[in-house]
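Student: I have a new model open and I'd like to learn how to read it. Could you walk me through some of its features?

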Amino acid sequence: MVHFNLGKQLMSAAIAERTQESREFTQFVYKRLFRHRANDWGDLSEDDKARNDEALKNGDRIHSSFDIPEDLQICDQTKLWIITEGDRSMTTVLFPSDY
């Protein structure tokens with residue numbers, strides 16, 4: 001396992017709002033950030049996971065996707081994305097609809 005620099009950690013306005021509303025959701029987000037940094041890419045296809053593994057070596061962008069448990073979902077948001085830029089300067093947590 002290769003830990004990598006997350007850089008500046010940001011979240012979309014929608015994620016920030018949801019974390020203010022729910023401690024459980026906040027914990028979910030932080031646990032997924034830890035998994036992302038530990039090379040656990042979540043609920044991606046095997047091809048996408050392999051692309052992330054390669055991105056660790058060549059400095060490309062890394063993208064993880066995690067299913068949100070039903071009891072933490074809001075406004076039909078069922079996935080949480082985490083994207084680390086190729087230069088590792090920034091990691092953003094967002095809903096797919098924020099992209």
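Tutor: We'll take salt bridges, then a helix, then the strands.

Student: Before that, what should I know about the model and its numbering?

Tutor: This is a predicted model, so to speak of a local feature we need pLDDT of at least 70, and side-chain atom pairs count only at pLDDT 80 or more, while totals for chains, interfaces and linings use all residues. Residues are numbered from 1 along each chain as its sequence is written, and side-chain values use heavy atoms, with hydrogens and water left out.

Student: How many salt bridges does a search of the whole structure find?

Tutor: Side chains of opposite charge can pair when their charged atoms come close. We call it a salt bridge when a side-chain nitrogen of Lys or Arg is within 4 Å of a carboxyl oxygen of Asp or Glu. Searching the whole structure turns up five. One of them joins Arg51 to Asp48, with the closest N and O atoms 2.5 Å apart.

Student: Where do Arg51 and Asp48 sit?

Tutor: Both are in helix α3 (residues 46-58), three residues apart, which is about one helical turn. A quick note on names: helices (H or I, at least four residues) and strands (E, at least two) are DSSP runs, numbered from the N terminus.

Student: Is Arg51 buried or exposed?

Tutor: Buried means under 20% relative accessible area, exposed means over 50%, and partly exposed is in between (1.4 Å probe, protein chains only). Arg51 comes out exposed at 55%, whereas Asp48 is partly exposed at 27%.

Student: Which side chain meets Asp67 in a salt bridge?

Tutor: That's Lys79, at 2.3 Å from N to O. This pair links distant parts of the chain: Asp67 belongs to strand β2 (residues 62-67) and Lys79 to strand β3 (residues 79-84), twelve residues apart. Asp67 is partly exposed at 38% relative accessibility, and Lys79 is partly exposed at 27%.

Student: What about Glu21: which residue does it bridge to?

Tutor: Arg18, with the closest N and O atoms 3.6 Å apart. Glu21 is partly exposed at 48%, but Arg18 is buried at 12%.

Student: What does Arg18 touch?

Tutor: Contact means heavy atoms within 4.5 Å. Leaving aside residues up to four places away in sequence, Arg18 touches Phe25, Leu72, Gln73 and Ile74.

Student: Which residues of α1 are buried?

Tutor: Ile15, Arg18 and Thr19 are. They cover an arc of only 100 degrees around the axis, so they sit on the same side of α1; that arc is taken from the directions from the helix axis to the C-beta atoms. Ala13 and Gln20, on the other side of α1, are exposed. The buried residues of α1 pack against β1 (8-11), α2 (23-37), β3 and β4 (90-94).

Student: How does β4 pair with other strands?

Tutor: Two strands pair if DSSP finds at least two bridges between them. β1 and β4 pair in the parallel sense over four bridges, and Leu10 stands opposite Thr92 there. β3 and β4 run antiparallel, also joined by four bridges, and the bridge partner of Ile83 is Thr92. β3 and β4 form a hairpin with five residues between them, and Arg88 in the turn has a positive phi of about 60 degrees.

Student: Why is β4 largely enclosed by the rest of the structure?

Tutor: Because four of its five residues are buried.
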